[in-house]
Amino acid sequence: MNVAVRATPVQQAAEHFDVLIVGAGISGIGSAYHLTTQMPGTSFVILENQENFGGTWRTHRYPGIRSDSDLYTFGYRFKPWVGPPIATAAEILSYMQEVIDENDLGRHIRYGHGIKSASWSSETRRWSVEAVTRDGEARHFTANFLWMCQGYYRHSEGYTPEWKGMERFKGRIVHPQKWPDDVELKDKRVVVIGSGATAATLIPSIADQCADVTMLQRSPTYFRLGRNAIEIADTLRELQVKEEWIHEIVRRKILFEQDAFTRRCVTKPEKAKEELIGQITAVLGPNYDVGAHFTPSYRPWRQRIAFVPDADLFQSIKSGKASVVTDEIECFTENGIQLKSGKLLEADIVVTATGFHLCALGDIAFSVDGKPVEFGETVTYRGMMFTGLPNLVWVFGYFRASWTLRVDLVADFVCRLLAHMKQKGADKVEVRLRPEDHNMPLLPWIDPENFNPGYMMRNMHLLPKRGDKPEWQHSQDYWTEKDEIPAINLDDAAFVYS
């Protein structure tokens, strides 16, 4: 009798690398550059869930998407930015493509690899990473070191609150993070819920198409206004100064001015508030109710301040193409949104520019020696390393300065740490609380009195704890960290090598 024998699937052998970088966004590409230039000969791979590089700038496709930081500081320190300071997603992707091509980084990137788990073994002194490709095939990797560059929010879906009656609405509800290609805006009544950088970007870009567009906000947000140009950069180009010099000069100028403004927000908040709101009044005029719609209740920089180039949002409002309503939602109706004030906002399309889901370590199932890692129970070392997680660094950027400034700083730290481990003959490093730290109070990741956007407050329990000492917190202060991080003593008792 013939018996059919089912073939056993061949288990793919694990590929091994010195370093595994998670994510091919702005952080991952920058980190890969520094690894190749500062640690030549180091084998590495970049695993990216999407089908191409770019992260946020690839996955977000809503109309008008642009940076809310200037590209002289959001761009890398090693690659001069030559375009307008506030750039479109397409311009940023083009810039990143040049970095990849000029440094032959493309051969290190594996696209369409979604990481499911990462397991550390003290026996092998390695991370084992399990990934699945877009066609469902399992891929296995091992690495001596994990460099987490995946960002801090879930790319697959944005955050939309549940409002009463949403199912009754006959129009379309769209989140900017998942902008459909078939949305027809022409002659439509559009309500954009939210008042942050996304709303400020989206509204002026669609105002000419819509019958009307309304920004519906629960409370006002601060904005900074200015030309989408930097005079000194234009002047230096006219003088045919090298782009590398222009990049560095303009970068230093912007950082100096940002530092002064940030400190003024803390030491003289009313003066800073007057300055910010005064810019808006100058555009909208004395008869517009700036007090109701653009005067926040909190001091400047407790939430992110978006830059509005050429005041385009406010020009749209001034022209009557856009309007602002400051109110709270009672419920959705068949034809729009009923507000708590009693007013009805009629709408064909509602855009929920209401933020995103914070996602610690990329929704990857982490374990150490078989035990699942509770990330929220760890303590952070300067927002880069975490107690109980060996051979791992996370890139978490700045709120009050460009994210990429910290990409460069963390990359310098990682390369220095890897070189230090090699010099010591160590294949494992972890951070531990020192004897003098054991009575230290453990606090939320960030002080809500310092910075308190909604997405952080909703998900603070997912993030590591911080201490009350500089070593055990992410200060969010680039101007301090630019000196402190390069000066970290890698032989401090907080670092344990073996």
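Visitor: In which sense do S8 and strand S17 (residues 349-352) pair, and over how many bridges?

Guide: A word of caution comes before the reply, namely that this is a predicted model. As a general idea, strands of a sheet pair through backbone hydrogen bonds, either parallel or antiparallel. Here S8 and S17 pair in the parallel sense, over 3 bridges. Within that pairing, Arg172 stands opposite Ile349 in S17, and the bridge partner of Val174 is Val351 in S17.

Visitor: Which residues cover the two faces of S17, and are they buried or exposed?

Guide: The general idea is that in a regular strand the side chains alternate between the two faces of the sheet. In S17, Ile349 and Val351 lie on one side and Val350 and Thr352 on the other, and all of them are buried, which leaves both faces covered.

Visitor: Where can I look for antiparallel pairing, and in what order do those strands stand?

Guide: An open sheet of 3 strands, in the order S14-S15-S16, has antiparallel pairing. Its edge strands are strand S14 (329-332) and strand S16 (344-346), each of which pairs on one side only, and the twist from one strand to the next averages 25°. S14 and strand S15 (residues 336-339) pair over 3 bridges in the antiparallel sense, with Ile329 opposite Leu339 in S15.

Visitor: Turning to helices, what span does H1 reach from its first C-alpha to its last, and how many of its residues are buried?

Guide: As a general idea, an α-helix has 3.6 residues a turn, so residues three or four places apart point the same way. H1 has 13 residues and reaches 18 Å from its first C-alpha to its last, close to the 18 Å expected at 1.5 Å a residue. Of the 13 residues of H1, 10 are buried, so the helix is largely enclosed by the rest of the structure. The buried residues include Ile26, Ile29, Tyr33 and Leu35.

Visitor: How many aromatic pairs does the model hold, and what geometry do Tyr33 and Phe78 have?

Guide: The count comes to 29 aromatic pairs. Tyr33 and Phe78 form a stacked pair, with 3.5 Å centre to centre and 15° between the planes. The pair links distant parts of the chain, 45 residues apart, since Tyr33 is in helix H1 (residues 26-38) and Phe78 is in the loop between helix H3 (71-74) and helix H4 (89-102). Tyr33 counts as buried at 16% relative accessibility, whereas Phe78 is partly exposed with a relative accessible area of 21%.

Visitor: Why does the pair of Tyr398 and Tyr478 count as edge-to-face?

Guide: The ring centres of Tyr398 and Tyr478 are 5.8 Å apart and their planes stand at 75°, so the pair is edge-to-face. Tyr398 lies in the loop between strand S23 (392-394) and helix H11 (403-424), and Tyr478 in helix H13 (residues 478-484), so the pair ties together parts that are 80 residues apart in sequence. Both Tyr398 and Tyr478 are buried.

Visitor: Which residues do ring pairs link into a cluster, and where does the charged end of Arg224 sit?

Guide: The cluster linked by ring pairs consists of Phe375, Phe386, Trp394, Phe396, Phe399, Trp403 and Trp445. The charged end of Arg224 sits over the ring of Phe261, 3.9 Å from its centre, and Arg58 lies over the face of Phe53, at 5.0 Å from the ring centre.

Notes. Residues numbered from 1 in each chain as written. Predicted model: local features only at pLDDT ≥ 70, side-chain atom pairs only at ≥ 80, totals over all residues. Heavy atoms only, no water. Phe/Tyr/Trp six-rings, centres within 6.5 Å; stacked < 30°, edge-to-face > 60°. Helix = DSSP H or I, 4+ residues; strand = E, 2+ residues; numbered from the N terminus. Buried < 20%, exposed > 50% of the residue type's maximum accessible area, 1.4 Å probe, protein only. Lys NZ or Arg CZ within 6 Å of the ring centre and 35° of its normal. Pairing = 2+ DSSP bridges. Expected span 1.5 Å × (residues − 1). Axes fitted to C-alpha atoms, helices over the stretch in contact; angles between N-to-C directions.
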